[in-house]
Amino acid sequence: MTRPVVPFREIVLKVHSRCDLACDHCYIYEHADQSWRTRPKAVSDEAIFWTALRLAEHARKHALPSVSVILHGGEPLLAGPTRLRRVCEELTRALDGVAALDLRIHTNGIQLSPRYLELFDEFGVRVGISLDGDRAANDRHRRFADGRSSHPLVLKAAELLGADRWRHLNLGLLCTVDVANDPVAVHDALMELDPPRIDFLLPHATWDEPPPRPGGSPTAYADWLLAVFDRWDRQGRRVPVRLFASVLSTLSGGPGLTESLGLTPTDLVVVETDGTLEQADSLKTAYEGAAATGFDVFAHTFDEVAAHPGVRARQLGLAGVAGTCRECPVVRSCGGGLYSHRYRSGTGFDNTSVYCTDLEALVRGIEHRTAARSVPAAVADDGELRSEQHELTRLLLADLHRELGGRGGDAWARAWELAGTVDRHPGALDGLLTHPYTRGWLLGSLDALREGRAGAAPRPAARLASTVAAAAVRGGLDLAVPVPYEGGTLLLPTLGELRLDGVEPSGTAEVRPVEKGLLVRAGRSETRVPRPDEPGACWRPVRRLGRDGAPDLAIDDLDPYRDCFDVSVPPRLGHDEAAAWTDRLARAWGLLRARAPEQAAAAEASLTTLTPVDGPRPAVGRHGIGALGVPLRARAEELAPLLLRGWRRARLRALLEVTDLYADDGRWTHPAPWQEAPLPVSELLAGAYERAGLRAFDPDGAEAALRALDTLGRAAELTVGGKALLALLCEEADRDRRSR
């Protein structure tokens with residue numbers, strides 16, 4: 001099956017093919033491909049027109065919201081303001097109403113002046129300048145053909161672009177690394193100009209023409225960049241550095257942010273001054289014609305270029321790197337390095353990067369320096385996890401209020417106002433917002449509203465009102481709360497359900513706390529519940545476990561939003577059935593405490609609610625932290641390990657809701673000790689996490705988990721948070737082994 005093309009979102013348009021500097025590290029003029037000699041100096045009107053036409057056609061076909069066009073060279077400013085204006089006008093006209101146009105220009109800065117900046121301001125063209133650091137560093141390579149220094153003119157251009165009048169056009173500085181330069185001096189010289197961004201680039205090299213390594217160090221470039229990183233980090237990271245940001249992003253599970261790092265598919269095409277369409281310019285360092293596609297803007301579409309084998313090869317992600325790279329734990333961050341840096345005569349691009357040792361040292365060095373600060377506190381601290389989960393629920397409530405946008409009517413408005421009143425009493429509303437099934441209500445209501453289901457808007461008001469009423473009762477607040485009800489019953493989450501006699505099937509009741517209980521008025525009827533934890537003629541409370549030494553957990557078989565599990569839930573249990581089930585639960589908890597005391601204590605600190613479910617396995621669902629679906633028919637000795645498995649599964653799920661433990665941008669699989677078929681890292685981690693703490697009940701499963709942890713230790717998808725969790729699991733396994 002042919003993969004769909006990856007559309008181009010970035011176009012490099014060569015507006016001039018000559019340069020006014022003679023930089024000896026330039027990939028255009030100083031490397032293997034010398035095709036620039038046969039091309040016109042400036043892009044023609046015809047090539048400009050067809051480029052704009054093809055780009056608009058491509059953006060329209062793929063419904064691209066925006067496209068970026070980088071005006072490049074040679075030195076693009078040599079094209080002159082008239083030709084540059086023509087380019088800007090054609091592109092702006094063609095993309096109008098099709099896609100947003102992000103225009104940029106990359107220049108050495110020698111020709112930059114207010115005349116150009118006025119033009120760029122008119123069309124919103126942002127400007128990036130190449131500068132290799134202080135004068136000594138910059139003049140090592142960036143000189144005029146007669147040997148004169150370019151530094152004063154480039155510095156003047158950078159300062160002009162940094163002035164208040166033009167700063168909104170400032171894209172930042174690009175610096176090519178030379179390990180002969182002082183990394184701290186280079187960093188400080190660039191920072192002194194206060195650019196909006198800095199981009200450090202490794203000098204282009206291949207295995208045929210490797211980079212210089214003074215002293216022969218295999219990590220000379222990593223050492224240089226890490227010295228810059230240390231200086232940048234100590235000074236507060238006040239200017240973004242794209243290379244470092246990319247590594248930090250991938251270590252946390254995000255995408256690569258630069259073509260030279262990460263596994264993000266390439267989405268760039270180059271249009272030369274003669275209209276030919278080529279791959280990335282960096283390929284010119286490999287061999288003559290390496291970037292060629294055989295296409296041009298006059299006769300070919302961008303889709304044809306996107307289907308070119310050379311372009312596709314750089315869109316394969318993990319499958320597109322060398323076999324050695326695919327087994328490397330840092331491959332998500334380095335991505336095998338820039339494609340052109342992998343070239344070797346005889347084997348082409350199927351190699352590791354010529355900077356392989358540097359890239360691994362750089363990624364590991366940044367990870368080592370930042371891991372302690374980057375690991376989310378919730379990974380190791382259950383209290384922090386509960387706090388973040390609580391904040392997530394509050395954010396969802398705010399989202400629901402915003403999504404309703406007035407559609408909830410007076411009932412919602414009144415309930416929202418009263419929620420604010422209750423929330424002014426510290427902790428009063430928290431007990432209800434941390435109730436796991438509040439999350440199920442919020443998510444279900446948001447889904448219904450966003451999917452436009454009929455009648456979805458009024459329903460959230462009843463639950464919010466009942467939540468506020470329950471909070472007022474639990475807090476003993478002197479507050480009357482109107483609560484809509486249906487079917488003649490009124491549910492107060494976490495408390496219980498009241499049958500209203502002698503009232504209309506649907507209506508509004510007023511709930512008010514009274515000493516040790518609550519008072520409900522509906523129509524002409526008035527019902528007092530003296531103690532919400534005790535059953536009455538019309539009152540069915542939420543039962544609690546808390547017997548025979550078992551923890552005081554809610555046994556919630558009332559809340560309508562308990563249906564958020566992936567298995568069905570039975571209706572309210574009868575008295576005898578509930579008593580038998582809670583008895584089995586209490587005995588199971590005793591077994592759990594006896595055989596796995598540390599795990600039992602951790603589970604008791606996290607769980608708040610148990611709900612009976614149909615089926616043989618524990619269930620976690622679409623709810624907040626603290627709830628667990630427990631099989632109704634299981635025996636006590638079966639329930640003990642099931643409770644433990646369910647709690648571990650629920651905790652991992654809650655953790656994944658507030659932090660990234662792995663990246664899910666690849667379809668990589670790993671061997672799983674408990675089955676023949678390999679698993680993605682998400683399922684392997686979940687299986688290992690669940691089994692790792694079950695040695696007391698399932699020794700074979702715990703040993704399989706240890707083998708899975710070893711496999712996960714080599715997985716590139718794990719973030720710094722995932723690796724921290726892995727370390728905690730290994731420590732837990734060691735403690736468990738020593739205790740037996």
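Helix α19 buries Ala-578, Trp-581, Thr-582, Arg-584, Leu-585, Ala-586, Ala-588, Trp-589 and Leu-592, where buried means under 20% relative accessible area (1.4 Å probe, protein chains only). This is a predicted model, in which local features need pLDDT of at least 70, side-chain atom pairs count only at pLDDT 80 or more, and totals for chains, interfaces and linings use all residues. Residues are numbered from 1 along each chain as its sequence is written, and side-chain values use heavy atoms, without hydrogens or water.

Among the elements covering the buried residues of α19 are α20 (597-606), β19 (609-613) and α21 (636-658). Helices here are DSSP runs (H or I, at least four residues) and strands are E runs of at least two, numbered from the N terminus. The ends of α19 (residues 575-595) agree with its length, because 21 residues at 1.5 Å a residue should span 30 Å and the end C-alpha atoms are 30 Å apart.

A nonpolar core is a set of buried Ala, Val, Leu, Ile, Met, Phe, Trp, Tyr and Cys residues joined through side-chain atoms within 4.5 Å. The largest one has 93 residues, and Phe-120 is one of those touching the most other members. Helix α7 (residues 220-234) gives the most to this core, 9 residues. Apart from it lies another core of 45 residues, including Leu-397 and Val-481.

The whole structure has 0 disulfides, a disulfide being a pair of cysteine sulfur atoms within 2.5 Å.

| Cysteine | Closest cysteine sulfur | Distance |
|---|---|---|
| Cys-325 | Cys-356 | 5.8 Å |
| Cys-328 | Cys-334 | 5.9 Å |

Cys-325 counts as buried at 8% relative accessibility, and Cys-328 is buried at 19%.

Terms used:
The expected span of a helix is 1.5 Å times one less than its number of residues. Buried means under 20% relative accessible area, exposed over 50%, partly exposed in between (1.4 Å probe, protein chains only). Contact means heavy atoms within 4.5 Å.
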